[in-house]
Amino acid sequence: GYAEELMVLELYRRRQISSGKAAELLGMDRIAFIQYASRLGVAFFDMSEQELAAEIENQTSLTATKAA
């Protein structure tokens, strides 16, 4: 029901459950859940600029290490 959806969305927004788990709890596939949450204003990609920069740096380092 509606209350369950709100609880699942809040847990997802707080990053306490994954999008896959949220989708499972609501009986929908992951992509449908991500689209549903986005329509309700819950971002799928929720990182600060610093977190994003750190992720890019980590990936760049991993790629450079594998190439060496």
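**View 1. Ser19 and the residues around it.** Setting aside neighbours within four places in sequence, Ser19 is in contact with Tyr12, Arg30, Phe33, Ile34 and Phe44, where contact means heavy atoms within 4.5 Å. What you see is a predicted model, in which local features need pLDDT of at least 70, side-chain atom pairs count only at pLDDT 80 or more, and totals for chains, interfaces and linings use all residues. Residues are numbered from 1 along each chain as its sequence is written, and side-chain values use heavy atoms, with hydrogens and water left out. Ser19 belongs to helix H2 (residues 19-26); helices (H or I, at least four residues) and strands (E, at least two) are DSSP runs, numbered from the N terminus. Is Ser19 buried or exposed? Ser19 is buried, with a relative accessible area of 7%. Buried stands for under 20% relative accessible area, exposed for over 50%, and partly exposed for what lies in between (1.4 Å probe, protein chains only).

**View 2. Arg15, in the loop between H1 and H2.** Helix H1 covers 2-13, and Arg15 sits in the loop that lies between H1 and H2. Arg15 has a positive phi of about 65°, although this residue is not a glycine. Most residues other than glycine have a negative phi. At 51% relative accessibility, Arg15 counts as exposed.

**View 3. Leu40, in the loop between H3 and H4.** Here the loop lies between helix H3 (30-39) and helix H4 (49-67). Leu40 is partly exposed, and its relative accessible area is 49%. How many residues separate Leu40 and Leu9 in sequence? The two are 31 residues apart, with 9.2 Å between them in space, C-alpha to C-alpha.

**View 4. Thr60 and Ala64 in helix H4.** Thr60 has its place in helix H4, and Ala64 is found in helix H4 as well. Thr60 is partly exposed at a relative accessible area of 47%, while Ala64 counts as partly exposed at 48%. From Thr60 to Glu49 is 11 residues in sequence and 16 Å in space, C-alpha to C-alpha. The C-alpha atoms of Ala64 and Gln50 are separated by 21 Å, with the two residues 14 apart along the chain. The pLDDT is the predictor's confidence in each residue, from 0 to 100. Where pLDDT is low, the predicted coordinates should not be read in detail.

**View 5. Stepping back to the whole chain.** Along the sequence the protein chain follows the pattern α-α-α-α. Its radius of gyration is 16 Å, well over the 11 Å that the globule rule gives for 68 residues, so the chain is more spread out than a compact globule. That radius is taken over C-alpha atoms, and the globule rule is 2.2 Å times the number of residues to the power 0.38. The C-alpha trace spans about 55 × 20 × 20 Å along its principal axes. Of the 68 residues, 19% count as buried. The mean pLDDT of the chain is 86, and 91% of its residues reach 70 or more.
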